[in-house]
Structure formats: C-alpha cells, structure tokens
Amino acid sequence: MSVSFKSQLAPKSLEFKPSEIIISDKYCAILTIISYPKAINEGYLANLTQLSGIKICIKHIPIAFSVLSKMLNKEIADMKARYQNEHDRTIQEQIRQDYESIENFIQMLTATQARIFDFQMHVMISADSHEELENKKVQVKNYLDAMGMKGLVLRFEQEKILKSMLPIFEANDIEERVGTPIPSVTMAAMYPYVFDSIKDPGLSCLLGVDYSGGVILFNQFLYQTKKEFNRNNANMIILGTSGSGKSTAAKVLLRSNIRNGHKIVAIDPEGELEDMTRLYGGDFIDLGKGGDFGMINPLEVVLDADEDEMKDGVGYAILTRTLQTLKAFMKYYSPDIEEDTLTMFSEVVQDTYKRYKIDYNTDFSKINSHDYPTFDDVYATIKGRLLSMTEHTREREVMERLELKIRPLTRELRYYFTGKTTIDTDADFIVFNIRELMNADNNIRNALFFNILFSRPKYIRSRIPSTYSKT
C-alpha cells in the first residue's frame with residue numbers, strides 16, 4: 001500500500017532535456033507565456049484549461065506603483081524614439097498603437113488605484129510519446145495565438161521553470177525575466193475559476209452550466225437567509241446581445257419562481273409570455289388592446305390599509321390618497337394641465353363618487369370592482385354641470401377645459417382608461433403585455449404605466465415580491 005501511495009506522490013524518474021522533461025513515462029514541455037492581448041474577458045483562461053493534458057501555473061508578485069511607473073515611462077520613451085527612427089509606415093503604426101496602449105494603461109491605473117502584479121504564466125503539456133508531445137505543442141501554440149497570447153518553450157530553462165511552478169522551491173532568476181505587469185482586476189479575470197459554479201442553497205433555480213461545466217443554482221432571494229456583500233436584495237438585470245438567451249433565462253427564472261410559490265408580475269414588451277401565462281393559470285393583460293383584454297379602472301379606490309386600520313375607520317385617508325393619485329394620473333396623461341383644472345377635476349370626481357354612495361365615511365373593504373364609477377360617469381358629471389351653467393363665468397371656462405381633457409378618455413382612449421377592472425385579483429402570475437404600446441404617444445403610455453404599476457398596490461405592489469421586465 002505504501003509503494004502505491006508513494007508512486008502517486010513522486011515520479012519514478014525525472015530527466016531534463018533542453019526543450020522537454022521526461023517524468024516517469026510521460027513526455028512534458030512547459031510553454032512560458034511572453035505576451036498577452038490588450039483586452040480580455042472574464043474567465044479568459046477557462047477554455048484553455050479544458051484541453052486534454054494541460055496544466056496551467058500562474059504566479060503573481062506585487063509591484064510598487066512607483067517602480068512600475070518608471071518602467072512604463074522608460075518603455076514609452078524608447079517606443080517614441082523607435083517611432084521617430086522607423087521608416088516603414090506599417091511598423092510605425094504598430095509602435096504608435098503600442099505606446100498609446102501603455103499611456104492608456106497608466107491613465108487607468110491612476111484613475112482606479114488598482115494594485116499591480118508581475119503576472120507569470122506557464123502552460124505544462126504532457127503526452128504519452130515524444131511525437132504526441134510535439135503535436136500537442138503545435139496545437140496549444142495555435143490555440144494561444146488565437147487567444148492573443150504567445151508561448152515559447154525556453155530551451156535549457158525547463159528545470160528552473162518547473163521549480164518556479166512548484167511551491168517547495170525558492171525563487172530563482174527565471175521569475176525576474178518572464179513576468180508581465182497586470183492590474184489586479186485584469187489578473188482576477190484571467191483565472192479560470194472566475195466561472196466556478198454557483199450553488200445557492202434554498203429554493204434555487206437551475207439556470208444551466210457555466211464555462212467550466214459546473215451547474216448554476218441561483219436563488220434570487222438568497223439575501224433573505226444569507227448575507228453576502230454583493231447580494232443584499234432581489235433586484236437583478238439580464239444583459240446580453242440579440243439572440244444570446246435573455247428571454248430564455250427570464251422564462252427559466254419565472255418558471256422557477258412559479259414553482260416556488262411566488263407571486264409574480266411580468267412586464268412583457270414583446271408579447272411572448274402569453275402561452276406561458278395561460279399554461280400556469282395566470283392573467284395575461286394586453287395593455288395595448290385594453291377593454292376586455294385587460295384593464296384597471298383608474299377610479300377604483302386603492303385599498304392599502306390593513307384590517308385593523310379599516311376597523312379604526314380610515315376611509316377618509318384612503319379616499320384622500322386616491323384623489324391625490326388621480327391628480328397625478330392626470331398630470332401624466334396631460335402634463336400641461338393647469339392647476340385650477342386639476343382642482344375642478346378633484347371636485348367632479350368627488351361628486352361622481354357621491355352618486356355611487358362613496359364618500360369619506362365609506363367602508364371600502366365591502367366594495368368590489370363593479371361598485372366604482374368610470375370616466376364615463378365623470379364625463380357625465382361634467383356635462384351635467386355645464387348644462388347648469390347658463391352664464392359664461394370663470395368656473396364654466398375651467399369646466400370646459402376639463403371637458404376637453406376628459407373627452408378623449410371616454411372616446412378614442414376608452415379601451416385604455418374607461419371601464420371596470422378586468423384583472424383577476426386572485427392570480428399569482430400577472431403579465432402585462434405592452435408590445436402595442438411601445439409606439440404609442442408618450443403621455444398615454446406614461447399614464448397607463450402609472451395607473452398599472454404605481455397606483456395599484458391592491459393588485460401589484462402589496463402582493464408581488466418580485467417584478468420581471470425583459471428589455
């Protein structure tokens with residue numbers, strides 16, 4: 001047993017040759033990276049680590065900013081001198097781009113105060129034969145070239161490099177000759193395990209797999225049970241280019257939250273969630289069509305008091321807040337509306353409520369959606385008042401202006417704003433389709449959004465812990 005264990009720890013033989021190493025029955029070579037691309041993405045080395053027979057060693061040694069600054073300034077001065085002495089225009093342009101890149105690098109370091117490290121990277125290739133090793137070296141070099149890196153087998157230096165890669169040996173002079181200054185942020189993105197699997201506990205969503213092949217279990221509400229410095233709420237945004245899978249990811253999250261029993265409101269700008277909504281028994285509200293397809297009556301009183309407050313008789317406060325909300329709605333609908341017209345609007349709405357036996361003493365917990373007036377009723381109140389005003393007065397002038405504001409709500413815009421609420425208040429999954437609204441007049445769209453999202457906690461804000469919007 002001891003022999004077998006020892007064989008796992010130490011090779012049977014170790015032989016160093018000018019450009020390769022023979023370890024037991026394996027042929028190995030170490031490529032030292034001597035140049036890197038000007039920009040990288042997160043998890044830059046992840047795919048490289050997936051190649052068969054590849055091991056990567058990375059070392060980073062801190063560099064004082066003052067030392068680096070002197071090095072870079074000297075490099076820029078040398079490049080500018082080479083630029084002046086070079087007669088080949090192509091080579092001149094390459095030199096110019098290189099020293100401008102270094103100048104931008106210095107500006108970035110100064111602005112971010114990022115720490116700088118001497119970044120050293122070695123790629124160890126192993127194979128079962130010398131011929132296979134040579135083929136793998138060509139393959140890996142080509143792969144590195146495609147990544148914007150250049151790797152060389154440093155002849156007669158393989159032993160020093162191997163000792164530099166292993167933590168049991170002291171530093172040697174090879175470390176002073178092969179490093180590249182890289183800021184900490186870039187260095188962190190170089191590491192393959194940037195994409196290490198996310199495995200959140202609790203009611204997590206299986207999003208898929210990451211670049212390293214690990215599963216991603218994402219719990220949007222992890223902050224409720226576990227505190228992390230970068231996840232202190234459930235807010236999130238899905239970013240990506242066209243066709244990259246934003247919609248698919250959003251649907252997976254929606255489905256997981258439905259499975260977990262969460263109440264959901266989704267804003268659907270492309271009308272693509274209808275089938276999913278029907279499948280899970282939700283309410284698909286087409287704001288672009290309104291009417292029977294989905295509507296919330298702006299005049300329905302927002303009941304945002306609890307049962308104890310209702311017992312204490314706070315109907316006056318509820319109605320007051322509703323009147324203020326309706327005035328805000330009118331400002332979204334018609335930003336140029338005058339203050340005296342708004343005041344008249346509030347009086348007319350109160351008179352309309354009274355005709356439906358709604359006042360400051362009403363117990364709103366006993367009223368349902370069909371008991372509230374609509375803008376048809378408000379318009380009827382305005383027309384009745386105008387008929388009673390036989391003389392041309394200031395009050396009549398204001399009422400006429402109000403009539404002009406309300407009239408469109410009862411005619412060409414009635415399917416958006418005039419009618420009883422048709423939303424299913426018992427649905428746990430509510431989707432607002434706004435596809436046909438994206439090209440609508442800004443004022444109409446803003447008023448509709450305000451009515452749906454900001455003034456209706458009875459249906460949305462007090463009931464829904466999370467809102468999804470895929471844009």
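## Basis of the model

The structure is a predicted model, in which local features need pLDDT of at least 70 and side-chain atom pairs count only at pLDDT 80 or more, while totals for chains, interfaces and linings use all residues. Residues are numbered from 1 along each chain as its sequence is written, and side-chain values use heavy atoms, with hydrogens and water left out.

## Overall make-up

The protein has 16 helices and 13 strands; these are DSSP runs numbered from the N terminus, with at least four residues (H or I) for a helix and at least two (E) for a strand. Of its 471 residues, 44% count as buried, a term that means under 20% relative accessible area, with a 1.4 Å probe and protein chains only.

A contact means heavy atoms within 4.5 Å. Among contacts with a separation of 6 or more, 70% are between residues 24 or more positions apart.

Two packed helices are described by the angle between their axes and the distance between the axes. Here the axes are lines fitted to C-alpha atoms over the stretch in contact, and angles run from 0 to 180 degrees between N-to-C directions.

Helix α13 (residues 375–388) packs against helix α14 (residues 394–410) at an angle of about 150°, with the axes 10 Å apart. The two helices are therefore roughly antiparallel, the word for angles over 145 degrees. Residues of α13 in the contact include Phe375, Tyr379 and Leu386, and those of α14 include Met399, Leu402 and Ile406. The contact residues divide into 8 nonpolar, 1 polar and 8 charged.

Helix α12 (residues 339–355) also meets α14: their axes come within 9 Å and cross at roughly 80°. These helices are therefore roughly perpendicular to each other, as angles of 65 to 115 degrees are called. Met344, Phe345 and Val348 are among the α12 residues that meet α14, where Val398, Met399 and Leu402 are among the partners.

## Cysteines

A search of the whole structure finds 0 disulfides, a disulfide being a pair of cysteine sulfur atoms within 2.5 Å. Cys28 is buried, with a relative accessible area of 3%, and Cys205 is buried with a relative accessible area of 3%.

## A buried loop residue

Glu175 lies in the loop between α6 (158–165) and β7 (180–183). This glutamate is buried, with a relative accessible area of 10%. Leaving aside neighbours within four places in sequence, Glu175 is in contact with Lys59, Ile61, Asp118, Gln120 and Ser164.

How values were computed:
Angles under 35 degrees count as roughly parallel, over 145 as roughly antiparallel, 65 to 115 as roughly perpendicular and the rest as oblique. Ala, Val, Leu, Ile, Met, Phe, Trp, Tyr, Cys and Pro count as nonpolar, Asp, Glu, Lys and Arg as charged, and the others, Gly among them, as polar. Buried means under 20% relative accessible area, exposed over 50%, partly exposed in between (1.4 Å probe, protein chains only).
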